[in-house]
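Let us take a walk through this structure together, beginning with the whole and then stepping inside. Please keep the picture in view as you read.

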Amino acid sequence: GALLLQGFGSAKYGSGDPTGALVAYSEALQISECLCVLSAGETIQLRQQIGRCRRDLGDNYGALEVLLEARACCEVAGDLDSVTFFRLLVSLGAAQDAVGH
């Protein structure tokens with residue numbers, strides 16, 4: 001279910017519907033957290049996708065919040081590949097700039 005919802009969210013985002021994508025990504029994250037069906041890296045990428053949707057919808061603080069959660073997950077996981085971690089840091093920096101931090 002979580003991977004299917006994530007794919008659905010990506011399709012919604014690609015078609016210019018960040019609200020629909022945000023709903024699908026949020027549901028995928030909720031399922032993943034309950035059932036532990038995604039790896040740490042996949043969960044972090046999902047949080048980044050949620051952050052991107054929130055930013056696109058003008059919710060810069062919400063984007064920053066979800067990216068900070070993703071960073072906390074990184075610290076717990078400890079086994080992430082460097083590309084995923086770097087992308088997260090770039091997204092986090094952009095979110096901090098958007099809110100003036």
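What you are looking at is a predicted model. For its 101 residues, a compact globule would have a radius of gyration near 13 Å, and the protein has 13 Å, so the two agree. Along the principal axes, the C-alpha atoms fill a box of roughly 35 × 30 × 20 Å. The protein exposes about 5600 Å², and carbon and sulfur atoms supply 56% of that area. Buried residues make up 36% of the 101 residues.

What is the chain built from? Its secondary structure comes to five helices and zero strands, so to follow the elements from the N terminus you simply read α-α-α-α-α. Contacts also reach across the sequence: among those between residues at least 6 apart, 58% join residues at least 24 apart.

Let us start with helix H1, which covers residues 2-14. Its 13 residues reach 18 Å from the first C-alpha to the last, close to the 18 Å expected at 1.5 Å a residue. Which residues of H1 are buried? They are Ala2, Leu5, Gln6 and Gly9. These four cover an arc of only 100° around the axis, which puts them on the same side of H1. The buried residues of H1 pack against helices H2 and H3, while the face turned away from the buried side carries the exposed residues Leu3, Leu4 and Gly14. Just after H1, Gly16 takes a positive phi of about 85°.

Next comes H2, with 18 residues and a reach of 25 Å from first C-alpha to last, close to the 26 Å expected. Its buried residues include Pro18, Gly20, Leu22, Tyr25 and Ser32, and what covers the buried residues of H2 includes H1 and H3. At 0% relative accessibility, Ala21 counts as buried, because the limit is under 20%. Leaving out residues up to four places away in sequence, Ala21 touches Gly9, Lys12, Tyr13 and Cys53. Ala21 and Cys53 are 32 residues apart in sequence, yet their C-alpha atoms are 7.1 Å apart in space. After H2 comes Cys36, whose phi is positive, near 55°.

Now for H3, which spans residues 40-56 and holds Arg47. Is Arg47 buried or exposed? At 7% relative accessibility, Arg47 counts as buried. Beyond its neighbours within four places in sequence, Arg47 is in contact with Leu29, Glu33, Val66, Leu67, Glu69, Ala70 and Cys73.

Finally, look at the largest nonpolar core, which has 21 residues. Which of its members touch the most others? They are Tyr25, Leu46, Ile50, Leu67 and Leu88. H1, H2, H3, H4 (60-77) and H5 (82-99) each supply at least two residues of this core. Leu67 makes a fitting last stop: setting aside residues up to four places away in sequence, Leu67 touches Arg47, Gln48, Leu88, Ser91, Leu92 and Ala95.

Definitions and conventions. Residues are numbered from 1 along each chain as its sequence is written. This is a predicted model: local features need pLDDT of at least 70, side-chain atom pairs count only at pLDDT 80 or more; totals for chains, interfaces and linings use all residues. Side-chain values use heavy atoms; hydrogens and water are left out. Buried means under 20% relative accessible area, exposed over 50%, partly exposed in between (1.4 Å probe, protein chains only). Contact means heavy atoms within 4.5 Å. The expected span of a helix is 1.5 Å times one less than its number of residues. The arc is that of the directions from the helix axis to the C-beta atoms. A nonpolar core is a set of buried Ala, Val, Leu, Ile, Met, Phe, Trp, Tyr and Cys residues joined through side-chain atoms within 4.5 Å. The radius of gyration is taken over C-alpha atoms; the globule rule is 2.2 Å times the number of residues to the power 0.38. Accessible areas come from the Shrake-Rupley method with a 1.4 Å probe; for residues, only the protein chains shown count as cover.
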